[in-house]
Amino acid sequence: MEILVLGSGTSHGVPMIGCSCSVCRSENPKNRRFRPSILVRNGEETLLIDTTPELRLQCLQFDVKRVDAILFTHTHADHIFGLDDVRRFNDMQGVDLPAYGDEGTLADIRRIYPYIFTATQMGGGKPRLKLLEVPRQFSLFGMQIQSFYVLHGKLPVLAYRFDLEATKEAPAQSFAYVTDVSYIPPEAMERLQGLDVLLLDAVRFDPHPTHFGLYQALEVIQQLQPKKAWLTHLSHHFDHDKVNADLPEGVALSYDGLSVDVGQI
Ligand SMILES: [Zn+2]
Ligand SMILES: [Zn+2]
Ligand SMILES: [Zn+2]
């Protein structure tokens with residue numbers, strides 16, 4: 001199982017419009033952050049989590065040529081406003097894309113993108129989606145997937161856990177993506193036990209009404225003890241190299257283009 005971080009940034013992206021702080025002006029490519037999204041691959045088959053406003057640029061930059069299904073966490077603009085760009089995957093692969101979300105997410109997508117679901121004249125074509133209510137537990141492309149809620153302020157947001165069973169050649173693998181979170185309820189903490197890799201929200205140093213601050217995220221990581229944790233949904237408060245140098249062993253800031261082979265952790 002391979003994870004590719006397409007975007008490690010918060011909703012404003014980094015650099016932020018009109019900001020001249022040292023991180024926004026930094027030459028370090030790891031301080032340039034697209035809006036938050038990842039790919040999860042098992043062999044060739046590729047799951048895309050969220051469709052950010054930069055989906056096209058992300059796919060060009062990281063040479064993404066295939067997407068087999070989409071999972072949505074929630075419908076804030078930074079997570080869904082690139083949905084139209086999946087047309088290329090429809091065209092290249094000649095398929096309708098399964099897109100999973102909870103009932104509220106699917107209703108929002110129908111409301112925000114009415115042209116996708118009604119007969120209209122559109123020269124450039126429309127995304128072809130199969131909207132599916134995400135099961136709590138299901139299997140896709142050889143992975144066992146669990147969806148469960150964490151809280152983003154007062155808004156329940158879906159987190160996802162992916163497990164690969166052990167084979168003769170390789171041990172079991174597990175990964176979870178928990179973005180846009182300010183509180184993880186006990187039942188979700190249960191599902192996050194025994195992970196190889198955790199990718200977790202940490203928007204800035206200080207607590208935030210709808211996201212973990214760095215120290216809250218580190219406390220959760222301390223409780224869960226994944227083998228390795230990366231932080232995401234990062235704002236311009238984090239200078240990549242400086243902050244990384246001070247993080248505890250086994251924890252690091254993610255960055256756009258980070259690729260993690262979960263079997264090698
Ligand atoms: Zn977000
Ligand atoms: Zn800045
Ligand atoms: Zn959000």
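## Nonpolar core

In this predicted model, the largest nonpolar core comprises 65 residues. Ile3, Ile38, Leu198 and Leu200 have the most contacts inside this core. Strand β9, spanning residues 155-164, supplies the largest share of the core, with 5 residues.

Leu200 illustrates contacts with residues beyond its sequence neighbourhood. With neighbours within four places in sequence set aside, Leu200 is in contact with Val178, Ala217, Val220, Ile221, Ala229, Leu231 and Thr232.

## Open sheet

An open sheet is formed by 7 strands, arranged in the order β6-β5-β4-β3-β2-β1-β14, with mixed pairing. The edges are taken by β6 (129-133) and β14 (259-261); each has a single partner strand, so one side of each is left without a neighbour in the sheet. On average, and with direction ignored, neighbouring strands of the sheet are turned by 20° against each other.

Within the sheet, β3 (residues 45-49) and β4 (residues 69-71) run parallel and are joined by 3 bridges. Leu48 has Ile70 as its bridge partner in β4.

## Helix across the sheet strands

Helix α4, residues 103-112, lies across β5 (97-101) and β6. The helix runs at about 150° to β6.

## The loop at Gly43

The loop between β2 (37-42) and β3 contains Gly43. Gly43 counts as exposed because it has 9 C-beta neighbours inside 10 Å, the cut-off for exposed being 12 or fewer.

Gly43 and Ile70 are separated by 27 residues in sequence and by 16 Å in space, C-alpha to C-alpha.

How values were computed:
Residues are numbered from 1 along each chain as its sequence is written. Chains are lettered from A and ligands numbered from 1 in the order in which they are written. This is a predicted model: local features need pLDDT of at least 70, side-chain atom pairs count only at pLDDT 80 or more; totals for chains, interfaces and linings use all residues. A nonpolar core is a set of buried Ala, Val, Leu, Ile, Met, Phe, Trp, Tyr and Cys residues joined through C-beta atoms within 7 Å. A residue is buried if 20 or more other C-beta atoms lie within 10 Å of its own, exposed if 12 or fewer, and partly exposed in between; C-beta atoms are placed from the backbone. Helices (H or I, at least four residues) and strands (E, at least two) are DSSP runs, numbered from the N terminus. Two residues are in contact if their C-beta atoms, placed from the backbone, lie within 7 Å. Two strands pair if DSSP finds at least two bridges between them. Axes are lines fitted to C-alpha atoms, for helices over the stretch in contact, and angles run from 0 to 180 degrees between N-to-C directions.
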